[in-house]
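Please look over the sequence and the model shown here before reading on.

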Amino acid sequence: MMGAAFQYYAEVTGEKVAAAQERVVARGVLPNSRISPGYVRGEDGVLVVERPKARVVVQAFKRRDRGASLAEIQALLAKNGIERSISGVASMLSSRMSLGEIHFGELHNTRAHEPTIKDRGLFERVQRRTVSRGRQAKSERLLAFLGVLRCGTCGSRMVINSYSGNYRCGDTSANPCQRRAAVKADRVEEMVLDAVRAYSVTADLHGRASRRQQIREADEAIERANAELDDTIRQLGELGLLGRSASQETLGKLIKALDDAHTARARLGDRGESDVIGPEDIDKLREPAKRLAAWRRLITDTIESVTVAPAMTADGRPSRLWDPRRIDIRFRGQHP
Ligand SMILES: [Zn+2]
């Protein structure tokens, strides 16, 4: 009897709560207290824009759109009195609240309050920046099987555990790794993407246009070196001078030049001029699978290694705390 009475009570209240929530959302009132930066609750319960902070939020979206990392956005917000964790920053940038919308379970109101982000294009671009979210199939994790992630203790490749969402030292040797490094996949992926974006912007070498040009020039240099070598061999042959040591010396130099041209070309990766796309092109790709594939190509093109140090506390014990300094990202051609 007690059970049935309790259940009846719960159902009635549940129904009342649901009906109340529906009315509230229809009126444009957020039924919880998770209010995004840039808003305060008005007297009637509807969110109103808090101008100075809303301007900071707009700035944050714009910076993110231009390639700023979550950490940079976090710093920008903090400087303006908005304290957020990295994941708090990420959730702010993905909240449709800033478009004036409320989505609460099954309840939706797309004109609930004044938007802080009036440019929907800007909002959508910022959404497309995030490649990977949540638990995914092994092969769908950004850094799975790329071979760039390395255990800081033993240097082994790291493998994804899609259940825990961690990359972990994948050492399978007879003398196994003593301190296997592990890292949250979301965190290291975010860092790698941020690093490649920053690198693509700052390092002239990997700007898309200049990279295309470099590939074209490198291909042309190989052609020239080949032609010169061919011509010289033919001319020396016609003159009957091929056996001379001076001729051999000349040919040696030309062969070396050809080798160098090939080496320079190899450093630019094994793809052709038109296959090179940068982060800004990747963001425009609509299909997630294509975006993922393009990111992987760009990462393997630009990054030599991402070494993850095992997490330690100050006194040398294993730590669960996240510290970005554990991650050491090396770009190609950047070693000491
Ligand atoms: Zn290891």
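## The chain as a whole

A residue is called buried when its relative accessible area is under 20%, exposed when it is over 50%, and partly exposed in between, with a 1.4 Å probe and protein chains only. By that rule, buried residues make up 38% of the 336 residues in the protein chain. This is a predicted model, in which local features need pLDDT of at least 70 and side-chain atom pairs count only at pLDDT 80 or more, while totals for chains, interfaces and linings use all residues. Residues are numbered from 1 along each chain as its sequence is written, and side-chain values use heavy atoms, with hydrogens and water left out.

The protein chain has 10 helices and 10 strands, where helices (H or I, at least four residues) and strands (E, at least two) are DSSP runs numbered from the N terminus. Contact means heavy atoms within 4.5 Å, and among contacts in the protein chain between residues at least 6 apart in sequence, 57% join residues at least 24 apart.

## Thr 300 and its contacts

Thr 300 has its place in helix α10, which spans residues 288-302, and because its relative accessibility is 25%, Thr 300 counts as partly exposed. Leaving aside residues up to four places away in sequence, Thr 300 touches Leu 146 and Arg 332. Thr 300 and Leu 146 are 154 residues apart in sequence, yet their C-alpha atoms are 7.0 Å apart in space.

## Lys 79

Lys 79 lies in helix α3, made of residues 70-79. Lys 79 counts as exposed because its relative accessibility is 69%.
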